[in-house]
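User: Please examine the structure shown below and answer some questions about its chains and their packing.

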Amino acid sequence: MNAAVAVADLPLKVIRGDRVTHLGMTFWTILVIVLAFGPFWADRQSLRLLSEILSYVALASLWNLLAGFAGLVSVGQQTFVGIGGYTLYLFALGLGVNPLLGLPVAAVVGGIASVPIFLLLQRLRGPQFTIGSWVVAEVFLQIAQQLAVVGGGSGISLPAAVVRSIAQSRDAREFLIYWGFLAITVVVVGGIVMLLRSRYGLALTAIRDNEMAARSNGMDVGRIRLVAFVVAAILTSATGSMIFLQKLSITPFSAFSMNNWTVYIIFMTVIGGIGRVEGPIIGVAIFFLLRQYLADLASTYLIILGVVAILIMLKWPKGIWGSIADRYGWQLFPLARRLVRLTGPQATGSP
Amino acid sequence: MIGTLNAMIQGLLLGGLYALFAAGLSLIFGVMRMVNIAHGDLIVASAYFAYFVMQMLGIGPFTSLLIVVPVVAAFGYALQRWLLNYTLGAGDLPPLLVTIALSIILQNVLLIVFTADVHRLQAGPIEIASWAFNSELSVGVLPVLQFVTSVIIIGALQLLFYKSSFGRAFRATSDDQQVAQLMGIETRHIFSLAMALSLAVVAVAGVFLAIRTNFNPFTGPLLLIFGFEAIVMGGLGSLWGTLVGGILLGIAQAIGGQIQVGLPFVAGHVAFLAVLYFLPQGLFPKVSQ
């Protein structure tokens with residue numbers, strides 16, 4: 001108590017960013033506005049590509065929240081992409097309502113499912129958690145293949161009548177879905193920034209930097225991890241529901257695809273910079289740029305990505321963004337806490 | 001009834017192989033606290049290498065082991081020494097991410113070299129030889145041979161760990177890396193030897209499995225999962241427990257397959273999750289320090 005009073009009396013102030021951060025925030029704001037007007041300047045194909053990019057920004061940011069901050073390296077996030085997709089389909093087909101209404105339902109179902117999954121996987125320590133998360137995804141894949149209600153191995157499609165209930169014209173439907181992706185991505189990235197600025201964020205950053213020290217400072221690491229896992233599951237399911245709404249059909253292998261929803265995302269995050277909010281965004285940009293030129297190579301492309309990821313892990317474990325940011329002290333989101341003396345020279349604080 | 005009994009015997013015998021996958025994985029985890037995500041892909045790569053050697057030299061799968069095991073072990077030593085050792089010491093993340101990337105690289109290299117077609121190693125007449133107890137119950141010679149080999153290898157590993165100076169170095173490194181280093185154990189070398197030994201064990205298992213079932217470049221992850229499930233079910237750190245875990249997994253899969261054709265893997269996973277829920281320390285928990 002006394003300490004708090006004393007600090008408040010000092011001529012000190014906590015600031016969250018510097019000029020680069022302000023520039024960064026201006027950039028993000030302009031980017032979101034430009035993207036929001038996407039339907040006015042982009043053709044149908046570009047809108048689809050932008051949707052895909054946005055969905056990967058959301059998924060990679062959420063994976064980064066788990067692996068980069070909470071110390072939960074999951075290779076089973078496809079569980080929630082698939083749960084989200086299947087929930088939206090079952091909801092829209094079962095009730096015959098506008099599939100967009102399935103998005104919040106998918107988020108809720110994913111969140112509810114994540115609690116028992118986490119409580120079970122929590123029993124596996126460290127790297128064992130990783131394989132455990134994979135087993136869970138496998139179980140969902142196998143069950144989806146056996147369940148007749150979701151069409152078994154051949155999956156289900158959204159009938160035209162249901163699709164039309166989103167909006168009458170094809171353009172309107174595509175715009176709505178695109179804006180859906182944009183909204184989710186903004187919510188995800190913005191939500192992560194807000195989470196990291198909150199008490200949980202301080203705790204998550206502490207766990208990222210040194211779990212033992214975080215524990216010895218009295219943090220309930222298990223509970224903080226539960227919160228991160230559930231938040232990631234809710235938003236991953238929401239993203240998954242939109243991905244499969246756009247695809248108009250879903251199969252077990254596409255829904256619970258390890259490659260699409262985990263491997264690519266790991267590569268993006270590692271290359272961009274794990275444990276930084278900006279990292280996955282930069283990583284997604286690099287991934288899609290490379291893909292424009294190397295997509296024809298198919299498996300060679302994956303080999304190249306794998307080699308690049310290994311080199312980055314060994315040489316620049318903070319990724320491209322992390323290395324640049326450390327060197328120049330850049331932050332594109334107001335996350336740092338810097339203690340500033342109101343008069344006199346600046347005190348240096350830890351980011 | 002006889003059908004179920006038959007399936008259970010098959011499962012039990014297959015479980016020996018799972019225990020070998022698990023023993024390799026558990027050896028790595030025990031010595032250097034690293035989970036090798038590419039473990040399954042290395043098993044599949046060994047099977048492909050055996051296929052290659054058999055084609056080149058015109059020999060059978062069992063003879064090919066004479067070449068496959070030492071080469072794969074040497075590869076394991078090099079992999080650990082010049083790549084994976086550099087990922088250790090900075091937390092769980094680097095080894096996990098590097099082995100995930102390695103797994104993807106291996107799968108795609110195998111895909112390019114051997115295509116996506118399924119392969120199988122031909123072992124000749126032994127594949128169909130069996131001992132018949134009566135008209136309905138019979139046991140294949142090959143599965144029994146595999147099981148006996150698995151038990152012998154696990155017994156040998158047990159002896160190696162607890163009765164040799166080599167094993168003492170492994171255990172010392174596992175208990176406390178820094179102190180082991182102070183006592184003059186070169187941990188980087190020990191780690192590389194552990195990887196070599198791990199891959200030698202799984203090369204045998206990989207070749208046996210490839211005689212029994214089809215494989216393709218993407219079979220690896222499932223094998224990693226089977227090995228992992230066997231370890232956790234058996235209890236970390238106990239080799240005989242791992243054997244029992246592997247056998248339980250094999251039996252669970254066999255029973256699942258009896259209930260419904262598409263169900264064996266689900267049944268195995270469910271058995272694993274049930275053990276994890278009810279006995280988080282596994283069936284044979286090691287006394288924790």
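Predicted model: local features only at pLDDT ≥ 70, side-chain atom pairs only at ≥ 80, totals over all residues.

User: Is helix 1 of chain B roughly parallel or roughly antiparallel to helix 8 of chain B?

Analyst: Helix 1 (residues 2–32) and helix 8 (residues 187–212) of chain B pack with their axes 8 Å apart, at an angle of about 170 degrees. Angles run from 0 to 180 degrees between N-to-C directions, and axes are lines fitted to C-alpha atoms, for helices over the stretch in contact. Because angles under 35 degrees count as roughly parallel, over 145 as roughly antiparallel, 65 to 115 as roughly perpendicular and the rest as oblique, helix 1 of chain B is, relative to helix 8 of chain B, roughly antiparallel.

User: Is B:A116 buried or exposed?

Analyst: B:A116 is located in the loop between helix 4 (93–114) and strand 1 (130–132) of chain B. A residue is buried if 20 or more other C-beta atoms, placed from the backbone, lie within 10 Å of its own, exposed if 12 or fewer, and partly exposed in between. Because B:A116 has 10 such atoms within 10 Å, this residue is exposed.

User: Which helix of chain A supplies the largest share of the side that touches chain B?

Analyst: The contact (C-beta atoms, placed from the backbone, within 7 Å) takes 30 residues from chain A and 33 residues from chain B. Helix 7 (127–146), helix 14 (258–272) and helix 16 (299–315) of chain A each supply at least two residues of the side of chain A that touches chain B. The largest share, twelve residues, comes from helix 7 of chain A.

User: How many of the 19 residues of helix 2 of chain B are buried?

Analyst: Helix 2 of chain B covers residues 39–57. Just after this helix, B:G58 takes a positive phi of about 65 degrees. Helix 2 of chain B is mostly covered, and the number of its buried residues is 14.

Technical notes:
Residues numbered from 1 in each chain as written. Chains lettered and ligands numbered in written order. Helix = DSSP H or I, 4+ residues; strand = E, 2+ residues; numbered from the N terminus. Contact = placed C-beta atoms within 7 Å. Expected span 1.5 Å × (residues − 1).
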